[in-house]
Structure formats: C-alpha cells, structure tokens
Amino acid sequence: MNPITHAQLDWDDQGRPHSRVFDDVYFSDQSGLEETRYVFLEQNRLQERFAALPAGGRLVIGETGFGTGLNFLCAWQLFEQHAVAGARLHFVSVEKYPLSHTDLQRALALWPELQPLAEQLLAQYIAIHQGFQRLVLGQGRVTLTLLIGDALEQLPQLDAQIDAWFLDGFAPAKNPDMWTAELFAELARLAAPGSTISTFTSTGWVRRLINAAGFKMKRTPGIGHKWEILRGEFVGWPADIPRPTATPPWFARPTTHYAERRALVIGAGLAGCATAASLAARGWQVCLLERHAALAQEASGNPQGVLYLKLSAHGTTLSQLIVSGFGYTRRLLEQLQRGVDWDACGVLQLAFNPKEAERQAQLAQAFAPDLLHPVDAAQAQALAGVALDQGGLFFPEGGWVHPPALCEWQARHPGIEVRLHQEALTLQQVDGQWQARDAEALIASAPVVVLAGAAEVKRFPFSAALPLKRIRGQITRLAQTTESQHLSTVVCAQGYVAPARLGEHTLGASFAFNSDDLTPTLAEHADNLALLREISPPLLHALQADALPLETLKGRAAFRCTSPDYLPIVGPLADAAAFAQAYGVLARDARQVPDMPCPWLDGMYINSGHGSRGLITAPLSAELLAAWLDNEPLPLPAPVAQACHPNRFVLRELIRGKPGQTP
C-alpha cells in the first residue's frame, strides 16, 4: 500500500487554491459557483430532477475529483431548495489527493452563501483516510461517500447505480492519466439507465472516448472563458465491447420491494442499535427488540471500549474494512458528549517485543502519518503522561468510547421503537411477515427482520449453521488516583488501559475460549493486572493495583462473537439447503457461475460476528445492511462487502465438496 497524501496547495492573492502536483486551479478564476451550477447542475437537469423526487425517492450523483467539495455543496444546496422532505441525495466522489481539514476550511471560506452547508461538511470531515469513507449529513438526508485513492483503483470496486455524473478533475492537458477509455468504461458500468453526464472540457478526443464508452455526448455553449462544454446521457453498453463481468448471483442484490417499510431488529447492542439507526434514517419504522432491561447489556456494555485499529501493511480486506469503519465511527462520535461518552485522546500501541516492532515499522510505511506514526520511548511517555519503557505507534484520532452511550444515542431516533424485556425465541414467516414469538405469544412482526444478537442468532434454524463462536472477555475497573490522572491517552500492549472515565480506569481484556460462565474471576483480574504491568509498572503502582486484594476488584465479563476469518457477517441470508441444490455444480468446478437467482430468505438479514472490533465495524456494517435493503451505493468496496457476506460460508463448503458442514 502507498499512503495517500493530502493535496499540496499554493494560494493566489485572492485566496484561491492551486494544485502543485497538477499545476492547475481548483475552480474558475472568474466565478467558480456560476461555473459549477451551469456545467454540472444545469446540464444534468438537477433542479427538475430533485423537484420530481417523491418522498422516499433518491438521486445518486457520481463525481470524479472531489477537490474542495464545491460541486457537492452546490448540488446539496439545490437539493435542499427543491426536493421534498422525505427525499434523499447520495453523492459518491473519488479523490486521489484529499485536502487537509485546514485547507478545505480555507477554500470553502471563499463562498459565504454556502457557509451553513460547508460548516456541516467540515464538522464531519474527520478521519478521511485511504479507501471508502462515508459521511452522513443534513440530518441523515444526504450521504457523501468519498473514495480516497486513484480513480482507476477505487471506481472498479464501487457497487452503485449513478443517475448523474460530474466529470470533473484537473484539465486533460494537466492530468491525462484520468481522462482515459478505462475510466469512461467504469462510468458506463456504473451508469443507471438514462444516466446523464457533463464536463467542463470540450476536447475532441475526450468527447470521442466518452461516446465510445456508451454515452451520447454533444457540445453545448460554455460559460466564462470556456467557449464550449460537453453534456450527454448514457444510451447503453457498446455492442463491440465485452460487457463487464456480472456479480455472481450469490453476491447479487436481492430484489427488495417492500410495500411496508417496517423492520424488526433483534438485539440492541452496537450492531442492533446501529442497524436500527441506519434504517430509521432512511424512513423505515423499526422495532428494536432487546431481551434485557436496557440497551447494550452484553459485550456492548463495557464502560470503555477502545477505538483501536489492528491493521495489516498489505491492504487486506479486513484492513480496508477497519480503516473505513474507523472513519465512520469516529465521525459518529462527534454527536456525543466528549469526556463522558467518548474521548479522542489518541491510542498508543507499544512495540512490546521485536515481532511487534517489525510489524509497526511496516505499518508506518503503509499508512499516512495522520492515521498512525511511530514514536520513540521518550515521545510515547510524553504522549501518555506516565512512565513507559518502549516506543510504538500513535493513532492520533483514536481514543475510548462508552459503548452504551453510542447505542442510546442511535436508538433515540423517532423512527425506532425500543421494546425491552422482549426475547424472540422463534421466527416464522407468515403472509410476507416475519413473526417473532417468545415462549407464550407473538411479540412483534415486520416484512424485514435483522438478526443482530451476536452468537444468539444461532438459535434460529435459518442462521444456526453460521460458524459464530463466543469468546469470553473480562475487564477490570480501577479507581482513579492522584497519580493515575496523568494518564492522557489509551495505552495498549497485549492488553490496554484507558484514561479515567468518571473517576475510573478500565483495563483488560482477557480471552477465555472455553468458558460459558460470565462471573468475573480472580484469575482473570490477576491476568489483567499482569497486562497492565507489561504496559507500565509505575502506572500499576500509581493505581495501587499491586497492593489491592484481588477479591476487592470490580470487573465485568461478556462474550465477544467472532467468525473464523475475523470478518463480520453482514447481509441477506439465503436458504442454505436450496443454495446447495442450486449451485451444486460448484463442488465439481468452482469456476462455474450458474445463471440462477440466489434462493434468498425474503426479508431476512444479519449483522453479527464483530468480535472485539464492534465499535469500528458494527456502525458501518449497519450502513452496508441499509444499502442492501434500499438498493443504494454500497459504503464499502464490493470485494469487502462480499468478504463479509453470509453466503461466503456455504459457498466455501460447496467448493470444498462438504455441503451442510460448518467450515
């Protein structure tokens, strides 16, 4: 992986940004606003299209070159002015060199009339790192998905249908690598029927290449110093070019047309509350069932969880998910009360042995320093505020979270009805409705059900074969002391300790693979103190933990729920027996792709298996689930979404010739 760097800018005497890399301006030196509105909004007929959207309808705009966000803000402003209250705007934009927060703020200050929207964007323009980054704006009506990286690396991974294209970016003469037949083929692959397109250039070879990709372009009068520009629409995939490879049916989108937009979510931890919130933001009425007396009572109930990124230097699927999920969660947390609900105090991962030091050196080469950077022992000690013997990696945007606060904030959406003390023991589909029953009676029903109850999802026959396993973890709570209050960042080695929340530090966490008992044990308290000693013997002493009798320690145990490949399980569920029958040919030839629709269990979805990473992966997985249900652009690269898909397990079994067995 090559870390993505921020745009390198110079500023002219009127405060306008200029790219050093491309030696080009970001917008017209006459009137950037007028040019954007004429070239992109008017040529794509956005005013009339926004006005025509029904409640619950949406328009998806795609853009090459996010730049300063000017095109996005103008489209958002027009949407606010002309779309009905229940409509939604999706904006997907690719950007190789994102502006830093400071530069974006400076650039957008040039447009006072956009200030209210610019402020919302800037408030969420946090943790913008490599890959797919999703921002939710406008009280949930506007979704911005930034694809950070090279357009020809990012766009092929996008699963979306684009209604209008803004073909922007630096001029063809300055940035010829972007204006290519390969790029235009991607725009055509992603174009919805009747998709429109516009661009500020009228260069002949650009027009011919776009036409060759399946668009019908025509020159139209320009604006300012541009004599002509191009606009057009998608007329169909060219007959003389091979069509793109179709998504295999087991990863294709189920047909989702629900007359009633009602959903039942079972389990009100991080995954369930996030799922309910993502659906409610899209106008769904959600019934959230929880068997306990309050939200977040199991693994999501710890007093402090850590926003810790366990990454690979090799750009693995899991790493891509973690970087995207970290950004999404980090932006969500801006809604909560800092210091009580969460704190962006940073996370310090110590290089506690030579193998870890080598891993960290590779990570420092693979990721940008604003995500992580190496520190020596003296720097680590200064950051942490306590004595440390090792350096390590510092994650400046990380920190700790009180997970119940995030769950409670998400569940407060007016579209969500929370029902406590309600345990769904059986599920049955009757007349297009999933009916949840306890031991005695029907407790809720809806056309869509989402299983979000960690390993408890295995109680239902539809999901019983999913290879979810429970791993017991115990944390220890220690009262803050005068000396320990100097701890100013989360510090991790093989365990972790967090700065105090409400006068109490959290440390942990143990891993017990073969225990079904949730009673805290003295042995695991002792293990947690040993993990703290490994981090910092002086901090252990400052907390007086080396002198406290183990039986006086307070703690909490819960089950993490994880899958064999450590990826969550997110998406629609299929009928496993019918799946094995439909795609049995894969047992003989794994390269076959039978032309047969997947036998989905209509309206049944899952969001589970987040392990110890739920804070980072569960909220974005909820967005992924909502995108499946509402047929929206996916918030993750298609290969990552497929790697998290429930069908991956039955697919592997078939290919190995072991249908019906748990891998």
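**Close-up 1. Strand β12 meets strand β24.** In β24, L264 has V449 as its bridge partner, and V265 faces V450 of β24. Strand β24 covers residues 448-451, runs parallel to β12 and is joined to β12 by four bridges. Two strands count as paired here if DSSP finds at least two bridges between them. Helices (H or I, at least four residues) and strands (E, at least two) are DSSP runs, numbered from the N terminus. A word on the model before we move on: it is predicted, so to speak of local features a pLDDT of at least 70 is needed, side-chain atom pairs count only at pLDDT 80 or more, and totals for chains, interfaces and linings use all residues. Residues are numbered from 1 along each chain as its sequence is written, and side-chain values use heavy atoms, with hydrogens and water left out.

Close-up 2. Strand β12 (residues 262-266) is largely enclosed by the rest of the structure, because four of its five residues are buried; buried means under 20% relative accessible area, exposed over 50% and partly exposed in between (1.4 Å probe, protein chains only). Five bridges pair β12 with β13 (residues 285-289) in the parallel sense. From β12 the chain passes through helix α9 (residues 270-281) to β13, a right-handed β-α-β crossover. Right-handed means that, with the strands pointing away from the viewer, the path from the first strand over the helix to the second runs clockwise. Across this pairing, V265 has L288 in β13 as its bridge partner.

**Close-up 3. The six-stranded sheet.** Here the strands form an open sheet with mixed pairing, in the order β20-β13-β12-β24-β31-β30. The edges are β20 (416-419) and β30 (569-574), each with a single partner strand, so one side of each has no neighbour in the sheet. On average, neighbouring strands are turned by 20° against each other, direction ignored. Axes are lines fitted to C-alpha atoms, for helices over the stretch in contact, and angles run from 0 to 180 degrees between N-to-C directions.

**Close-up 4. Helix α9 against helix α17.** The axes of α9 and α17 (residues 614-630) come within 8 Å and cross at roughly 40°. That makes the two helices oblique, a term for angles that are not under 35 degrees (roughly parallel), over 145 (roughly antiparallel) or 65 to 115 (roughly perpendicular). Residues of α9 including L270, A274 and L279 meet α17 residues, among them L615, A622 and L629; contact means heavy atoms within 4.5 Å.
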